[in-house]
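Here are my notes for you, written as a friendly walk through the model. Please keep the picture open beside you as you read.

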Amino acid sequence: MKVFIVFLGIFIISVSAIVFQGDLGAYGHELLLLKEAAEEGAAGAALCLNEEEYAKGNLVFDYKEGEKYIEDYLAYIKRNSKALSEGETYYNIIFQDDKLGYSLENVEKIPSVTVEVKVLTEDLFRVPFINVTSLERRAQYELPEEEKAKNYFEKSGS
C-alpha cells in the first residue's frame, strides 16, 4: 500500500508539472503576441504624420489614423491569440509631438508614440495555485532626431 501511495503522489506531481509547463508556454506566447501588438502599433501610429503640419516644419501625428492603425492591427493579431480573441482588450495611446507637447521626462523633445495594451481574460493557468487573468504590455516608438536622420540619409546616398 505504501508503494501505491508514493506512486500516486509522484504521478500527481508529475502531471501537475507537465500541465504547468504547457500553460507557461502558452502564457509566454500570449505575452510575446501582446508585445508585438504594442510595438507594431506604436511604430505604425508613429508613421501616420499630419502632412499639412509637416509641410510647415512641425512634427504632428495624425491621431485618428494612428488610432485606426492600432485597432486594425489588434483585430488582425486576434487570430493567433487565445487571450486577445476571448478576452476584453483595452489600449491607451499617448502621443508626444509639437501640437500636444512633450512630457517632463522628454527633455530633448523627441516626438514619440506610446501604446499600452491590456487584456482581461479568464485564468490562463489550469493549476490551482497560479491565477493570471490580465496581460499588459507597453511600447514606445520615438522618431529619430532630424540631425541624425539627415546624417543617415546623406551617408546612404538617398
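This is a predicted model: local features need pLDDT of at least 70, side-chain atom pairs count only at pLDDT 80 or more; totals for chains, interfaces and linings use all residues.

1. Residues are numbered from 1 along each chain as its sequence is written, and side-chain values use heavy atoms, with hydrogens and water left out.

2. Let us begin with helix H1, which covers residues 2–46. Helices here are DSSP runs of H or I with at least four residues, strands are runs of E with at least two, and both are numbered from the N terminus. H1 has 45 residues and spans 66 Å from its first C-alpha to its last, close to the 66 Å expected at 1.5 Å a residue. That expected span is 1.5 Å times one less than the number of residues.

3. Next, look at how H1 sits against helix H3 (residues 63–77): the two pack at an angle of about 155 degrees, and their axes are 9 Å apart. Each axis is a line fitted to C-alpha atoms over the stretch in contact, and the angle, from 0 to 180 degrees, is taken between N-to-C directions. H1 and H3 are therefore roughly antiparallel to each other, a label used for angles over 145 degrees. The crossing of H1 past H3 is right-handed, meaning that the near helix is turned clockwise from the far one by less than a right angle.

4. Which residues of H1 and H3 meet? From H1 come Leu33, Glu36, Ala37, Glu40, Gly41, Gly44 and Ala45, and from H3 come Gly66, Tyr69, Ile70, Tyr73, Leu74 and Ile77. By class, this contact of H1 with H3 has eight nonpolar, three polar and two charged residues. Contact means heavy atoms within 4.5 Å. Ala, Val, Leu, Ile, Met, Phe, Trp, Tyr, Cys and Pro count as nonpolar, Asp, Glu, Lys and Arg as charged, and the others, Gly among them, as polar.

5. Glutamate 40 and tyrosine 73 are 33 residues apart in sequence and 7.9 Å apart in space, C-alpha to C-alpha. At 32% relative accessibility, glutamate 40 counts as partly exposed; buried means under 20% relative accessible area, exposed over 50%, and partly exposed in between, with a 1.4 Å probe and protein chains only.

6. On the H3 side, aspartate 72 is partly exposed, with a relative accessible area of 42%.

7. Which parts cover the buried residues of H1? Among the buried residues in H1 are Asp23, Glu30, Leu31 and Ala46. The cover includes H3, helix H4 (82–86), and strands S1 (88–96), S2 (112–120) and S3 (134–142). By contrast, glutamine 21, also in H1, is exposed, with a relative accessible area of 53%. Glutamine 21 and phenylalanine 125 are 104 residues apart in sequence and 9.8 Å apart in space, C-alpha to C-alpha.

8. Now find threonine 114 in strand S2. At 5% relative accessibility, threonine 114 counts as buried. Its contacts, not counting residues up to four places away in sequence, are Asn92, Ile93, Ile94, Arg138, Ala139 and Gln140.

9. Finally, compare two loop residues. Threonine 121, in the loop between S2 and S3, counts as buried at 13% relative accessibility, and touches Ala83, Gly87 and Thr133, not counting residues up to four places away in sequence. Lysine 109, in the loop between S1 and S2, is exposed, with a relative accessible area of 55%. Lysine 109 has a positive phi of about 55 degrees although it is not a glycine.

Notes: Angles under 35 degrees count as roughly parallel, over 145 as roughly antiparallel, 65 to 115 as roughly perpendicular and the rest as oblique.
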